[in-house]
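Biologist: I am new to this structure. Can you show me how to read its features, starting with the aromatic rings?

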Amino acid sequence: MVSGEEPGGIEVLTLGCRLNIVESEAMRAAAAAAGHRDLVVVNSCAVTAEAVRQTRQAIRGAARRRPGAEIVVTGCAAAVDPGIAAMPEVSRTLPNIGKAAPEAWARPGLPAPAAPSPPGFGPGAAGGHTRGFVEIQNGCDHRCTFCIIPFGRGASRATPPERVVAEVRRLVAAGAAEVVLTGVDVTSFAAPDGSRLGGLLKRVLRDVPELARLRLSSIDCIEADPDLLDVVAGEPRFMPHLHLSLQHGADLILKRMKRRHSRAEAVAFCAAVRRLRPGLALGADLIAGFPTETEAEAAQSLALVEDCGIAHLHVFPYSARPGTPAARMPAVPGDRVKARAAALRAAGAAALARHLDGHVGRRLPVLAERGGRGRTEDFSPVRLGEGVAPGRIVEVAIAGHDGRELRAEA
């Protein structure tokens, strides 16, 4: 959970995804512009039943910590769980759609702020981030059987390209050397003129030449358009790193998840982008212990780490989300889910160590973060030591690594 409080008394508690973090900063700005003073905003998550439990816990904790404050709850848990609105601590709830709009935060008897809230935030924003983040898309038109998010966020809708460009330009002017374009399903981005995600990337890079680094959040490999592949192959300011929503390595499980790609398509996509951009690093999400998963199917997911050349692996032990089709499927025993997740994490750790091996002895540009750390262009973590200002891009010599992060020469 990310927390931030301004001196004026606006506190935002953020659970869940990166998009929620972006939206939280937009809500903070809208609430401040509307003149709120004693306010707690809980931006909730519903990706698992545990996330909903944590939302309720955050609400109760805020009420104890800030007696008398208005508590406004929004986000996916508020959208899918009507019991949250009935909690005695909750002053009101806001729907996901429009939650950052000025009119959502207008106070009785006062006009709403005239300017719309920006779809992003950057360096200096509450939360201490060193990158700029811009929401380019929200909602989802797909129905993966393990996911309830489409019911909380609605249909897919795109931020107008001109607004994306303007926000990127604003963030760069504010000092962002790197901007991340984010959303629920960013590869579904479709502008009114028919352009897709790749066209948006080309426009941002063309219209904001002062932007040093551009990244994407997680993408769906089956939706990658030709312009996106052109950008990956030929734009040095687009960072050589893609994070893929793969979820599994067995075709039958992918079908039961209602994913739209096959194992072979995932492997082929990974091979293609690595040919287009030598040195590109791949990240991926994989779910361990999905209902009905056999040992053989778990082994296919394990093999996918090497077959796709994944360097940055995120492993999620399957957790049933009430209200989803997967929650009604035959469950894998909890001890097996735990063991399969551990095996995937071990494979991911070994893959990351091999990836880091290739950087030792090189000089690499690194975006410095807080805490004496940073990230290379391919998103490899680096321990820089103290003294490098967050947000700066510095070139360092890589002396070694500990299996988890690179170590810059002192």
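Predicted model: local features only at pLDDT ≥ 70, side-chain atom pairs only at ≥ 80, totals over all residues.

Modeller: Start with the ring pairs: the structure holds 2 aromatic pairs. Rings of Phe, Tyr and Trp (its six-membered ring) pair if their centres lie within 6.5 Å; planes under 30 degrees apart count as stacked, over 60 as edge-to-face and the rest as tilted.

Biologist: How are the rings of F146 and F290 arranged?

Modeller: Their centres are 6.5 Å apart and their planes meet at 85°, so the F146–F290 pair is edge-to-face. This pair links distant parts of the chain, 144 residues apart. F146 is in the loop between strand 8 (137-138) and helix 4 (149-153). F290 is in the loop between strand 13 (281-288) and helix 10 (295-307). Helices (H or I, at least four residues) and strands (E, at least two) are DSSP runs, numbered from the N terminus.

Biologist: Are F146 and F290 buried or exposed?

Modeller: Both F146 and F290 are buried. Buried means under 20% relative accessible area, exposed over 50%, partly exposed in between (1.4 Å probe, protein chains only).

Biologist: What about F290 and Y318?

Modeller: The ring centres of F290 and Y318 lie 5.4 Å apart, with planes at 70°, so this pair is edge-to-face. Y318 sits in the loop between strand 14 (310-317) and helix 11 (334-357), 28 residues from F290. Both F290 and Y318 are buried.

Biologist: Where does the charged end of R143 sit?

Modeller: A charge sits over a ring if NZ of Lys or CZ of Arg is within 6 Å of the ring centre and within 35 degrees of the ring normal. The charged end of R143 sits over the ring of F151, 5.1 Å from its centre. R375 lies over the face of F379, at 4.1 Å from the ring centre.

Biologist: How many helices and strands does the chain have?

Modeller: The chain has 11 helices and 19 strands. Buried residues make up 53% of its 410 residues.

Biologist: What share of contacts joins residues at least 24 apart?

Modeller: Contact means heavy atoms within 4.5 Å. Among contacts between residues at least 6 apart in sequence, the share is 71%.

Notes
Residues numbered from 1 in each chain as written. Heavy atoms only, no water.
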